[in-house]
Amino acid sequence: PRLCPDCAGLTLGNDLAGPHASGNSLKVAQFSNTRGSAWNRTTWNRIAECAKEFCTFNDYNWDWTLRHIGWTCLKQKGGFRFMEAKSNRIYHFGMW
C-alpha cells in the first residue's frame, strides 16, 4: 500500500517480458493478467460487488473475466490498477 495506495494488488509476471528484462522495476497499470497475482480482502470484496457481471461474462477463463470486469464494472468504481513486475518473477510452464 505504501508504494501505490490506490493499487488493488501485485502481479509478479507479465505476458511480454522475459527474465530480467527491466531489472527490479515495477510499473503501475490497469490489471492485465493473473500470473502470480495477489490481492487482499478489500480487493476481493470489490470483485464480489461485480459478481453478476463476473458470472455472466461469456468466457472460458476466469482471468479474462477479471480483465473484463476491471475495464467495466470496477473501472466505474475507481479502477482496478495493479503494481506489476516489469521483469518476470514467475513463469507459465507452457511459455518457457
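**Entry 1: Glu84 and Lys27**

I started with a charged pair: the side chains of Glu84 and Lys27 meet in a salt bridge, at 3.5 Å from N to O. For this term I require a side-chain nitrogen of Lys or Arg within 4 Å of a carboxyl oxygen of Asp or Glu. Glu84 sits in strand E4 and Lys27 in strand E2 (residues 26–30), so the pair ties together parts that are 57 residues apart in sequence. My helices (H or I, at least four residues) and strands (E, at least two) are DSSP runs, numbered from the N terminus.

Before going on, I noted that this is a predicted model, where local features need pLDDT of at least 70 and side-chain atom pairs count only at pLDDT 80 or more, while totals for chains, interfaces and linings use all residues. Residues are numbered from 1 along each chain as its sequence is written, and side-chain values use heavy atoms, with hydrogens and water left out.

Is Glu84 buried or exposed? I found Glu84 to be buried, at 6% relative accessibility. Buried here means under 20% relative accessible area, exposed means over 50%, and partly exposed lies in between (1.4 Å probe, protein chains only). I also looked up Leu26: Glu84 and Leu26 are 58 residues apart in sequence, yet their C-alpha atoms are 5.5 Å apart in space.

**Entry 2: the other salt bridge**

How many salt bridges does the structure hold? I counted 2. Besides the pair above, the side chains of Arg81 and Asp6 meet in one, again with its N to O distance given as 3.5 Å. This pair links distant parts of the chain, 75 residues apart: Arg81 is in strand E4 (residues 81–85), and Asp6 is in the segment before strand E1 (9–11). Arg81 is partly exposed, with a relative accessible area of 33%. A reminder to myself: side chains of opposite charge can pair when their charged atoms come close.

**Entry 3: the chain as a whole**

I then stepped back to the overall layout. The protein chain has 4 helices and 4 strands, and from the N terminus on they run β-β-β-α-α-α-α-β. Of its 96 residues, 32% count as buried. The chain exposes about 6,400 Å², with carbon and sulfur atoms supplying 57% of that area; the areas come from the Shrake-Rupley method with a 1.4 Å probe, and for residues only the protein chains shown count as cover.

I looked up contacts too (heavy atoms within 4.5 Å). Among those with a separation of 6 or more, 78% are between residues 24 or more positions apart.

**Entry 4: Phe31**

Phe31 lies in the loop between E2 and E3. Phe31 is buried, with a relative accessible area of 1%. Which residues does Phe31 touch, leaving out those up to four places away in sequence? My list reads Ser37, Asp63, Leu66, Arg67, Trp71, Phe80, Arg81 and Phe82. For Leu66 I noted the spacing as well: Phe31 and Leu66 are 35 residues apart in sequence and 8.3 Å apart from C-alpha to C-alpha.

I found Trp64 in helix H3 (residues 62–71). Trp64 counts as partly exposed, at 40% relative accessibility. Not counting residues up to four places away in sequence, Trp64 touches Phe57 and Asp59.

Lys75 is in helix H4 (residues 73–76). Lys75 is partly exposed too, with a relative accessible area of 47%. With the neighbours up to four places away left out, Lys75 touches Ile69 and Gly70.

**Entry 5: the largest pocket**

Last, I checked the largest pocket, which holds about 330 Å³ of space. Which residues lie nearest its centre? They are Cys7, Ala8, Gly9, Asn40 and Thr43, out of 17 lining residues. E1, strand E3 (37–39) and helix H1 (41–48) each supply at least two lining residues, and H1 gives the largest share, 3 residues.

By type, the lining divides into 9 nonpolar, 6 polar and 2 charged residues. I count Ala, Val, Leu, Ile, Met, Phe, Trp, Tyr, Cys and Pro as nonpolar, Asp, Glu, Lys and Arg as charged, and the others, Gly among them, as polar.

For the record, a pocket is an open set of points on a 1 Å grid over the protein atoms alone, where a 1.4 Å probe fits, with protein on both sides within 12 Å along at least five of seven lines; lining residues have an atom within 4 Å of a point. Grid points are joined across faces, edges and corners, and the volume is the space filled by probe spheres set on the points.
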